[in-house]
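Colleague: I have a model open and would like to learn how to read its features. Could you take me through a few of them?

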Amino acid sequence: MKKDYTPENELLFLALGGSGEIGMNVNLYGCDGQWLMVDLGMTFSGNEYPGVDLVFADLEFIEERLDDLAGIVLTHAHEDHIGAIPYFAADLGVPLYATPFTAELIRRKLEEAGITNEVELHVIEGTDSFSVGPFDVNYVPLAHSIAEGNALVIDTPYGRIFHTGDWKLDEDPIVGEPTTEEELTVIGDEGVLAMVCDSTNVFNPEPSGSEGAVYKGLMDEVARHKGKRVLVTTFASNVARLHTLGEVAKANGRQICVAGRSLDRILEVSQANGYLLDFPDPVDFDTAMGLPRGEIMIVATGGQGEPRAALSRIAESNHPLELIAGDVVLFSSKQIPGNEISIGKIQNKLADSGIVMVTERQSAIHVSGHPGRPELEAMYGWLRPEVLVPVHGEIRHMQEQARVGRAAGIPHNLFQKNGDIVRLAPGKPSRLAQTRTGRLVLDGDLIVPADGESIAMRRRMAYNGVVVVALDPKGRASIEALGLPLDEDHEDFIAEAKSDIADALKKLKGSARSDAGAIAEAARLATRRAAQRWSGKRPQVKVMLTGG
């Protein structure tokens, strides 16, 4: 293989994101000199990157080979699969391909970014085959927690890929018509070289459950709380769940009120694409508050603890919609790992107000959109791939799926992670090389390396504080300490630090006495040592020399 990793007469796979983490999915397939990208997602940063919300995969590998990139195919419209499009699609400069619902959400993102005319977006209807460079692609509808979830069948001169995207098996999916067992078996009969598969729920020993079953759970819960105002929080993108909530509201004689811009957007896009046409007309906030408590159901964003979402603002009594003691919040969603603390804060606020909460652990009001182990094993049996490539999971998820595939008799179970270039064909599947991967963050208006100096400095400042020293030509210091746990000791620390700086400057010898760099470094070290003595912290110290 060439050192520049241009795919030759072979079929290659490379994940730039989503293999070793849940989210930020970016996958590349290569053959005959060209690459096909599947999905272009992002993730949210949590507390890992102070001051940052959005995190992206570093696309350097493919950005250095843009002439070889044929196009980008999107499996579905979740943010971890399409969220990076507004930030990178124009620079990548290749066509995007998506089904109608996904394409409409992408189009809106492009409009908000002001780059609609810079990005070529192809809407693929149904399961018609389309070609992207040397790749022939078909969408294969599968159930998931959003409208138009799809797997991809990717045919190449070197074999067929079944790229699952995010999926589950569901006999009663409410929205959409997933490909049947018989149809999937036919795909398997035609021969599948490699199944590149979602690993998220591999540790779940049970099937994920049907969306239809959630209807009964929500019906029972809402019916139990007659005379109470009920708020249901769920993932905005779960169109099937929104359909269920509309039916539950009507069956219980409740009007529905929607709180959250993402819910408004999903409702609008869904109805424009033929979904949720029977969803009841939502009432506005004032009308909702004027109705008897037992005659309204609120559907709100914020079940993952997002501080600016509707549920958080309602919990803080900072929203036109109000809940009082005895009212009910149903969490028709699952905690995403990493959100436990933020969700707990909101739940504690609600509990302090006497509000009753019901989660999916207490009642059957949510099912996952990802396959449990029995579903994985069923899909293996229908497709009968020669190679299993686990993706979409942390290392532990992907290693476990490789073990499950091995036990199910799949001949080759290929564990890989972000940056591993693997050859799927011809010959025995194997890892060829590893290329650099990384993370980028949206910091203000700029996209910068996640491990760059600005983020590293901010993290150090967050942990240890900062001290700024202004030093005049006579060696007199003015000091400002920020973020140090000094309180009543602050003035004593400042006085001692000034004394230490003066002593340090007196000790400078020869030419160092007039060297700006030596003076600044002596003052910095003296200040930092003083701060450590007084606070136990090792702050960042910035010394500025003033005057002539």
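Colleague: How do helix α12 and helix α13 pack, and at what angle?

Modeller: Axes are lines fitted to C-alpha atoms, for helices over the stretch in contact, and angles run from 0 to 180 degrees between N-to-C directions. Helices (H or I, at least four residues) and strands (E, at least two) are DSSP runs, numbered from the N terminus. Here α12 (residues 373–383) and α13 (residues 395–407) pack at about 50°, their axes 10 Å apart. The two helices are therefore oblique to each other; under 35 degrees counts as roughly parallel, over 145 as roughly antiparallel, 65 to 115 as roughly perpendicular and the rest as oblique.

Colleague: Which residues make the contact?

Modeller: Contact means heavy atoms within 4.5 Å. From α12 come Arg373, Leu376, Glu377 and Tyr380, and from α13 Glu400, Gln401, Val404 and Gly405. One caution: this is a predicted model, where local features need pLDDT of at least 70 and side-chain atom pairs count only at pLDDT 80 or more, while totals for chains, interfaces and linings use all residues. Residues are numbered from 1 along each chain as its sequence is written, and side-chain values use heavy atoms, leaving out hydrogens and water.

Colleague: Now strands. Why is β2 largely enclosed by the rest of the structure?

Modeller: Buried means under 20% relative accessible area, exposed over 50%, partly exposed in between (1.4 Å probe, protein chains only). Six of the six residues of β2 (residues 26–31) are buried, so the strand is largely enclosed. Val26, Leu28 and Gly30 point one way, and Asn27, Tyr29 and Cys31 the other.

Colleague: Which way does β1 run relative to β2, parallel or antiparallel?

Modeller: Two strands pair if DSSP finds at least two bridges between them. β1 (residues 11–17) is antiparallel to β2, with five bridges joining them, and alanine 15 stands opposite asparagine 27. On β3 (residues 34–38), five bridges again give antiparallel pairing with β2, and leucine 36 is the bridge partner of tyrosine 29. Two residues lie between β2 and β3 in their hairpin, where aspartate 32 has a positive phi near 50°.

Colleague: Which members of the largest nonpolar core touch the most others?

Modeller: A nonpolar core is a set of buried Ala, Val, Leu, Ile, Met, Phe, Trp, Tyr and Cys residues joined through side-chain atoms within 4.5 Å. In the largest one, of 106 residues, Leu40, Ile62, Phe101 and Leu424 touch the most other members. A second, separate core has 25 residues, including Leu484 and Phe493.
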